[in-house]
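Thanks for making time this morning.

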Amino acid sequence: MEDINSNGLLACIEPDDMTALSAQLEGVDLDQGQFLFQSYEVIEHVYFFLSGLSSEIAGLRGKEVEVGCVGAEGLSGVPALLGVDSSPHYAFMQVGGKALRIRTDALRELMEKRPRLRWFLLRFAHVFMMQIAATSLANGRFNVEQRLARWLLMSQDRLGDRLSLTHDFFALMLGVRRPSVTDALHTLEGKHLIKSTRRLVTIRDRAGLENLAGASYGLPETEYRRLIAGQCEPLAPLTAASI
């Protein structure tokens, strides 16, 4: 079994619940581009990430935007936690990594038998919905540079200072054309907030990015600390640097 403490959720689950859950978990390697679930297809597994970065995408092919991302702080498959078999959204790995997965039916059975486990996992569902809402707010009320700063901070939280992400990925995240991403990256680089090459962005000034992102960043992260990390006793260190 992989180290469960590499996942922020699993590290905070009560020992008795974790023992029952561990018996159903299997370790898997997830490749970049691998789908976790497809639109309107049955969500067969829930993935607790140990590393990597997943994206949840809304919209029709060609008219898509990322509405949420998850790394080692959480899981993919929130609709399954809510009793939903499929979703209009789809999710895939933007950056490959490792995960512990469980069959959806097995997790639901455990949630029925163990109210505290259900209560805790539904808290993460709430946090993820706050992230989707924050994305909507950012897309509607903040400019491209501010939105890019937000997504860079979120990616840094999950991957560290060196982000091997393409301009196409940033375009999908922000719901803009690739030239707009290139211009925004150049603007942030001109402010000495980042260093950008063709396939690598290095964070140079996190505080400056937070200042630029403003209120577009921080609410879901605060909710995670309050409702997830705050339930650990003693408080476990988060797997993502700033979540």
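Let me begin with arginine 114, which is partly exposed because its relative accessible area is 27%, where buried means under 20%, exposed means over 50% and partly exposed lies in between, with a 1.4 Å probe and protein chains only. Please keep in mind that this is a predicted model, in which local features need pLDDT of at least 70 and side-chain atom pairs count only at pLDDT 80 or more, while totals for chains, interfaces and linings use all residues. Residues are numbered from 1 along each chain as its sequence is written, and side-chain values use heavy atoms, with hydrogens and water left out.

Arginine 114 forms a salt bridge with aspartate 17, the closest N and O atoms being 2.9 Å apart; the term stands for a side-chain nitrogen of Lys or Arg within 4 Å of a carboxyl oxygen of Asp or Glu. Aspartate 17, at 6% relative accessibility, counts as buried.

A second salt bridge brings together arginine 158 and glutamate 73, at 3.1 Å from N to O. Here arginine 158 is buried at 12% relative accessible area, and glutamate 73 is buried at 3%. In total, the count comes to 12 salt bridges.
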